[in-house]
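Subject: Handing over the structure

Hi,

Here is the structure I promised to pass on to you. Please open it first, and then read my notes beside it.

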Amino acid sequence: MPDPHGFLRYERQLPKRRPVPVRIRDWREVYPPAGEDLIRDQATRCMDCGVPFCHEGCPLGNRIPDWNDLVRTGAWQAAAEALHATNNFPEFTGRLCPAPCEAACVLGIADDPVTIKQVEVEIANHAFDLGYVRPQPAPAASGFKVAVVGSGPAGLAAAQQLARAGHAVTVFERDDRIGGLLRYGIPDFKIEKHVVDARLAQMAAEGVVFETGVNVGVDVTADDLRERFDAVLLAAGALAGRDTPSTPGRQLNGVRLAMEHLVPANRVVAGLQYSTPIDAAGKHVVIIGGGDTGADCLGVAHRQGAANVIQLDQYPLPPEVRAAEQHPWPTWPVVLRNYPAHEEGGDRVFGVAVQEFIGDDQGNVTAVRIADVVVERAGGDRTVTVTPGSERDLRADLVLLAIGFEGTEQQPLLEQFGINRNQRGVLDADNSWQTAAEGVFVAGDMHRGASLIVWAIAEGRSAAAAIHDYLGAKGELPAPVRASTQPLAV
């Protein structure tokens, strides 16, 4: 049983990040490996409470109290097995997930929540370092073939589940390397790519076939897929970036979508190209958007040597501490979320909206005109009211739009399958994760819209279970969520 006094004896503590002056000179991960003593102490804080809300906070249904107690007792291999029982890629989620499990932690009602995410990533790190992560090939082939379009977390999770069930799985990726946003959308200071490569090596040894540089719908048609495979899973993400085409000056040089900045920067770090067309070196940078993608742009701008960076957020400055009325779960805590990139420099301005992009005679952006705003929500509607007389200009040589995504991209493959995007720009699925096209399934952001990595993995696992059933294969695969499942947090 857990230590009933653990949360009284130990305070919440994370490992120290690498010093700012050091880490902004390279692209390595911000967090160094944590010591075993620290992680054991933090795992000991878990109470293994009677009703563990953390199970519901995580769509994967991770057995968090179980592996916390195993870490507490030093049973790292058993902890790794318990962790992998529900999560194909804990080394990804432990680095990248915003940890709704911690927002749901019962201890968080009266104290700081357990450092669930940090314990998770250290279990995963130990599992790789100590050789616990081994290929798990299927004992026999099923005779069925499945195509997975897209190699992000949803597609990879489904591919691994299906391969382990004996199906012949081929993953198609239009980029030159596997990983989707894990590879080119997320900077190395959050996840170094050798972490992704290690898991891909396991999957390849399990029989998953990866085909890169294939634009499905162009290089390979829907008819080709139907001829070669018994089922198809669409997991190509939601990469259509949200834009502001109606904002005056949007056409100016230097006003770019966030991914146009992040992708080539990642390719430079990977040694695949020598320079990036959107370099922040020596520039005054304005980032519009206060979420994960904006923070990624901020960290990249620091490492590229920006002269100054300002990040804009339309919402007011949130409190640093969870308010009393935001307890208990599933009420989502609205608090100030500081990313490591914010420690590295730059300014944040809250409660403002862009009114205009200002340029010079050569068509280059030179400033961003902003104004104070009040944002009000009523049901599903949102109104933004500008405060008169609050307009002012911010110097800008580079503006990055990190204001979210509008859904999956329109592409020939959808037309070939006869599938239409819905009003949210994503694909509908029935209770069996099947689209309007027979034998064609969907999972991840392509179905849900831009969301968390844990939701992508959960949907990939669930869609794999549905495909396994559709094929009439023996046994069942785990399905943590349904196609209609929505987050509990409000």
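Below is what was found, from the whole chain down to single residues.

First, some ground rules. This is a predicted model, so local features need pLDDT of at least 70 and side-chain atom pairs count only at pLDDT 80 or more, while totals for chains, interfaces and linings use all residues. Residues are numbered from 1 along each chain as its sequence is written, and side-chain values use heavy atoms, with hydrogens and water left out.

**The whole chain**

The protein chain holds 19 helices and 14 strands; these are DSSP runs numbered from the N terminus, with helices being H or I of at least four residues and strands E of at least two. Its radius of gyration is 23 Å, close to the 23 Å given by the globule rule for 490 residues, so the chain is as compact as a globular protein of that length. (The radius is taken over C-alpha atoms, and the rule is 2.2 Å times the number of residues to the power 0.38.) The C-alpha trace spans about 70 × 60 × 45 Å along its principal axes.

Of the 490 residues, 52% count as buried. Buried means under 20% relative accessible area, exposed means over 50%, and partly exposed is in between, with a 1.4 Å probe and protein chains only. Among contacts with a separation of 6 or more, 69% join residues 24 or more positions apart; a contact means heavy atoms within 4.5 Å.

**The core**

The largest nonpolar core has 68 residues, and those with the most contacts inside it are W67, V71, F92, I123, L233 and I467. Such a core is a set of buried Ala, Val, Leu, Ile, Met, Phe, Trp, Tyr and Cys residues joined through side-chain atoms within 4.5 Å. Helix α19 (residues 453–470) gives the most to this core, with ten residues. If you click on I123, look for W67, V71, W76, A79, A80 and L83, which are in contact with I123 when neighbours within four places in sequence are left aside.

E91 sits in helix α7 (residues 90–96). With a relative accessibility of 1%, E91 counts as buried. Apart from residues up to four places away in sequence, E91 touches V121, A124, F128, V195 and R199.

R377, in strand β10 (residues 365–378), counts as exposed at 58% relative accessibility. Setting aside residues up to four places away in sequence, R377 touches Y315 and R382.

I419 belongs to the loop between α17 (412–417) and β14 (440–442), and is buried at a relative accessible area of 7%. Beyond residues up to four places away in sequence, I419 touches L234, L414, L427, T435, A437 and V440.

**Two backbone angles**

Most residues other than glycine have a negative phi. D48 is not a glycine, yet has a positive phi of about 50°. D48 is found in the loop between α3 (36–44) and α4 (54–57) and is partly exposed, with a relative accessible area of 37%. A99 also has a positive phi, near 60°. A99 lies in the loop between α7 and α8 (100–104) and is buried, at 7% relative accessible area.

Happy exploring!

Best wishes
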